[in-house]
Amino acid sequence: MKMAKTQQVMVGGSSWGVRNTFHSLVAILTTLLLLTTTIYVRHDRGHLSPTINASSNSSFSSSSSSSSSSSSKCDFFSGKWVFDNQSYPLYKEQQCSFMSDQLACEKFGRKDLSYQNWRWQPHHCDLPRFNATALLERLRNKRLVFVGDSLVRGQWVSMVCLVDSILPKTLKSMHSTANASLNIFKAKEYNASIEHYWSPLLVESNSDDPVNHKVVERTVRVKAIEKHAKYWTDADFLVFNTYLWWRRPVMNVLWGSFGDPDGVYKGVEMLRVYEMALRTWSDWLEVHVNRNKTRLFFVSMSPTHERAEEWGAGKGNNCYSETDMIAEEGYWGKGSDPKMMRVVENVLDDLKEIGLNVQMLNITQLSEYRKEGHPSIYRKQWNSLTQEQIANPKSYADCIHWCLPGVPDVWNELLYAFIFYQ
């Protein structure tokens with residue numbers, strides 16, 4: 001294993017302060033240390049040791065790592081999917097006490113379950129094996145809060161399902177507060193909470209109601225965030241996302257308060273508004289985050305698969321009836337916007353310059369391949385289907401969210417890796 005070899009070179013090159021007269025003793029000690037280090041790094045199927053530097057903020061990692069790059073670093077986000085029906089899924093859909101009907105594809109009739117059996121394999125290392133007990137110990141007396149839209153809510157459901165099975169029924173709970181915007185899973189024995197706060201645009205908007213948020217004309221208050229942020233302030237781990245709700249050419253911006261007759265509304269090019277909102281978010285982090293306590297993460301774009309012609313299938317089709325992933329390495333669909341990700345990267349880089357590190361979880365490229373991982377028609381339909389829809393299933397297929405168990409579990413494996421080994 002390449003990483004183990006690098007560790008051996010480092011140990012062998014260490015200065016132990018032993019005189020030349022003790023060469024034989026040095027050789028013996030070095031051999032023992034080599035063996036110990038190799039076992040440690042390769043323990044648990046070669047998963048990454050805490051000494052490896054695995055951080056990467058770039059959201060545009062190449063599809064394969066350079067062979068000349070240092071093997072002491074690993075880009076978790078560059079790799080391939082490997083079929084693994086021995087270790088995956090990490091939990092059973094029907095056994096998760098808090099599974100969402102929006103994501104429970106097997107429950108709603110999906111027969112092909114191979115989407116549950118794929119493992120993400122980085123090119124030059126392995127992801128650490130997810131250990132629910134270890135995570136809950138790390139979260140003892142702490143809060144892990146996911147903030148954003150329904151995609152990060154799906155990641156939150158995934159994380160709840162990943163730890164749910166090891167907890168007795170009497171030692172876990174779920175409740176909502178803040179007008180149902182904040183959902184809190186509690187592991188009572190650990191006094192640990194895993195939470196989701198609904199804030200699809202991070203700043204205030206007219207889509208902030210967790211249930212009734214579908215509006216014709218979306219409006220944001222790009223300078224207002226405290227209404228939401230007060231619910232995150234003392235979190236120990238914060239995981240943010242915001243992307244899909246911005247996908248329109250122009251956003252309506254409000255200067256003033258909702259309901260204020262003197263408020264000023266103006267249509268502004270979306271990319272500019274997106275940057276303004278993220279600057280408001282970053283300003284809040286700079287002022288309010290306790291840098292000695294809170295770890296920060298930002299989840300990159302979750303891709304959609306709504307245009308089958310993009311991967312060479314028939315025009316007018318989408319993810320409906322798809323059972324295989326996209327094989328083309330580096331595939332990038334039009335549902336993912338590089339310009340928006342550059343805005344995110346610039347904001348995170350500016351935060352880093354002032355000593356505030358927000359780790360990008362680059363889930364975009366690895367999720368791009370998974371056109372078969374969406375609920376499609378296999379989910380609860382919140383509204384009655386029309387006869388036209390029933391006759392044409394692809395017309396109501398959900399190609400945005402993800403089945404569970406599935407792709408969001410890997411997002412959480414990445415999060416787990418950075419929580420423990422960054």
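**Ground rules.** Residues are numbered from 1 along each chain as its sequence is written, and side-chain values use heavy atoms, with hydrogens and water left out. As the model is predicted, local features need pLDDT of at least 70 and side-chain atom pairs count only at pLDDT 80 or more, while totals for chains, interfaces and linings use all residues.

**Confidence.** I checked pLDDT first (the predictor's confidence in each residue, from 0 to 100). The protein chain has a mean of 86, with 83% of its residues at 70 or more. Over residues 1-72 the pLDDT is below 50, yet beyond near neighbours in sequence this stretch has 105 contacts in the model (contact means heavy atoms within 4.5 Å).

**The sheet.** Helices (H or I, at least four residues) and strands (E, at least two) are DSSP runs, numbered from the N terminus. I traced an open sheet of seven strands with mixed pairing, in the order 4-5-6-3-9-12-13; two strands pair if DSSP finds at least two bridges between them. Strand 4 (172-177) and strand 13 (358-361) are the edges, each pairing on one side only. Neighbouring strands are turned by 20 degrees against each other on average, direction ignored. Ser-176 has Asn-183 in strand 5 as its bridge partner.

**Strand 9.** What lies on either side of strand 9 in the sheet order? Strand 3 (residues 143-148) runs parallel to strand 9, with four bridges, and strand 12 (residues 295-299) also runs parallel to strand 9, again with four bridges. I followed Val-239 across: Val-239 is the bridge partner of Phe-146, and Phe-297 in strand 12 is the bridge partner of Val-239. Both faces of strand 9 (residues 237-240) are covered, with Phe-237 and Val-239 buried on one side and Leu-238 and Phe-240 on the other (buried means under 20% relative accessible area, 1.4 Å probe, protein chains only).

**Helices.** Axes here are lines fitted to C-alpha atoms, for helices over the stretch in contact, and angles run from 0 to 180 degrees between N-to-C directions. Helix 6 (residues 270-288) lies across strands 9, 12 and 13, at about 165 degrees to strand 12. Helix 10 lies across strands 3, 9, 12 and 13, at about 155 degrees to strand 12.

I also looked at helix 4 (residues 150-164) against helix 10 (residues 407-421): their axes come within 9 Å and cross at roughly 75 degrees. That makes helix 4 roughly perpendicular to helix 10 (65 to 115 degrees). The contact includes Leu-151 and Met-159 of helix 4 and Trp-411 and Leu-415 of helix 10.

Key
Buried means under 20% relative accessible area, exposed over 50%, partly exposed in between (1.4 Å probe, protein chains only). Angles under 35 degrees count as roughly parallel, over 145 as roughly antiparallel, 65 to 115 as roughly perpendicular and the rest as oblique.
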